[in-house]
Amino acid sequence: NDLLPSGPARMRLAYDELLANQLALALVREKVKKQVGRKIAGNGMLRRRILERLPFSLTAAQEKVLAEIYRDQAAESRMLRLLQGDVGSGKTIVALLTMLNAVECGTQAAIMAPTEILAKQHFDTIAPLLEEIGLKAALLTGRIKGKARTQLLEELKEGKINILIGTHALFVEDVTFADLACVIIDEQHRFGVHQRLNLSDKGSRADVLVMTATPIPRTLILTAFGDMEYSKIDQLPEGRKPVDTRVMPLTKIDEIIPAVKRKTENDERVYWVCPLVEESEKIDLAAAENRFEILQKTFGDKVGLVHGKMKEKEKDAVMERFKNGEIKLLVATTVIEVGVNVPEATVMIVEHAERFGLAQLHQLRGRVGRGKYQSYCIFMVGKPSKETKQRLQVLEQSNDGFLVAEEDLKLRGPGDLFGIRQSGDLNFKLADIYQDAGILKDANEAAAMYTKDDILKLCKKYEGLRKRIMAYTDDIFL
């Protein structure tokens with residue numbers, strides 16, 4: 001009974017764990033602050049020229065976030081900031097303006113995306129805008145080889161490329177910038193604390209902005225991202241229609257197909273996601289292939305299939321055909337890449353939605369609702385339990401990703417939410433960051449009262465504390 005959730009013994013041990021986490025992050029923060037940055041404060045000319053060319057105005061939330069970023073860039077210390085914005089909130093334009101601030105100072109900037117398709121999407125958005133104002137963007141992925149790569153690297157080294165866009169291929173040894181001052185990392189919340197510190201080593205004291213559309217609850221930000229400053233775009237651009245979300249039993253699947261057909265005949269696109277069965281990729285693949293074959297009877301060559309076993313090149317080719325309308329209906333086993341932008345996609349169907357977390361379902365829902373038409377999301381469930389109905393109701397009632405994330409954290413716990421357990425940052429044995437939010441707040445406030453020297457003295461005195469802190473960051477004693 002000593003370790004009951006509300007028992008003083010468990011709470012005391014949970015406090016120890018959370019305090020160690022917060023002290024470790026305080027040390028990392030201290031290290032980042034001591035890393036001399038460089039003052040980046042452009043004259044605003046390039047940014048103004050870009051803003052004049054956009055068919056929309058920035059939202060108040062975007063303006064607020066940009067002010068925070070510009071303040072960081074102008075400071076003596078290096079920027080290490082997390083930018084969180086729900087799907088469709090306009091993070092890409094914030095990233096572009098952040099990079100242009102650096103370019104205005106005569107330096108270079110880079111943006112790294114987790115997949116080739118997302119990197120190419122950023123390139124397709126950014127390159128034409130830059131060209132209009134006489135600047136050059138380039139795309140670097142693992143697929144660019146030979147002469148093209150050699151020439152690109154030469155131009156980068158000479159400073160002829162202002163903004164480099166790519167995948168993790170940006171951080172290969174032979175990629176050398178003339179003067180990199182700003183690095184933006186898109187959708188990489190799985191990076192642990194150590195990787196974040198090393199990411200900007202390509203540049204001379206480069207600033208780092210990490211962006212994510214994954215709505216991360218406040219308590220999780222304190223424990224997993226406490227080494228970073230934090231900005232949030234909490235407003236969607238005007239004219240965005242909320243996605244109409246419905247939960248339906250799988251038995252009604254035959255009623256959905258005619259409705260899907262009507263949509264595809266109207267030149268709209270539809271995603272059809274089959275669940276990931278972790279225990280067996282074979283079953284997973286078979287389920288999707290089976291669904292693909294059934295849908296082929298109705299849609300013929302207008303239906304495509306993407307799954308995890310395909311090579312990146314094959315996957316990209318199918319996605320490209322979906323984007324340009326050769327394929328109207330896309331069956332997928334893997335979660336459709338976060339951020340993939342197909343404005344004509346208006347329907348998202350998810351089979352066995354009960355197997356997904358709420359945050360993941362919200363991400364999937366974010367693939368639609370990006371164009372002029374009303375969009376729909378249909379979550380199909382097998383045998384819904386009372387708890388499943390309760391969970392999915394959250395999505396029916398709200399399009400707010402932050403609210404969804406808080407609910408998901410309550411229901412599933414932090415380790416399952418965003419794959420954060422794999423990053424090694426949250427290996428708590430007793431602490432529960434949702435249940436112990438109050439204790440976390442106390443630990444956070446206590447950690448703020450210690451200086452670096454205090455923490456190091458404590459570590460010398462208490463071996464247990466030293467080991468716990470070392471679990472979060474292994475380079476603070478160097």
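In what order do the 7 strands of the open sheet run? The order is β3-β4-β2-β5-β6-β1-β7, and the pairing is parallel. Before I go on, please keep in mind that this is a predicted model.

At the edges of the sheet sit β3, residues 137-140, and β7, residues 229-233; each of these pairs on one side only. From one strand to the next, the twist averages 20 degrees.

Strand β5 covers residues 180-186 and strand β6 covers residues 207-212; they pair in the parallel sense over 5 bridges. If you want a place to look, C182 stands opposite D207 in β6.

Helix α5, residues 116-132, touches β2 (108-112), β3, β4 (163-166) and β5. The direction of α5 makes about 165 degrees with that of β3. Helix α6, residues 146-157, also packs on the sheet, and its contacts are with β2, β3 and β4. For α6, the angle between its direction and that of β3 is about 135 degrees.

Last, helix α4. This one spans residues 91-104, which makes 14 residues. From its first C-alpha to its last α4 reaches 20 Å, close to the 20 Å expected at 1.5 Å a residue. Is α4 mostly covered or mostly exposed? Mostly covered: 13 of its 14 residues are buried, with buried taken as under 20% relative accessible area. Just after α4 comes G106, with a positive phi of about 80 degrees.

How values were computed
Residues numbered from 1 in each chain as written. Predicted model: local features only at pLDDT ≥ 70, side-chain atom pairs only at ≥ 80, totals over all residues. Heavy atoms only, no water. Pairing = 2+ DSSP bridges. Helix = DSSP H or I, 4+ residues; strand = E, 2+ residues; numbered from the N terminus. Axes fitted to C-alpha atoms, helices over the stretch in contact; angles between N-to-C directions. Contact = heavy atoms within 4.5 Å. Expected span 1.5 Å × (residues − 1). Buried < 20%, exposed > 50% of the residue type's maximum accessible area, 1.4 Å probe, protein only.
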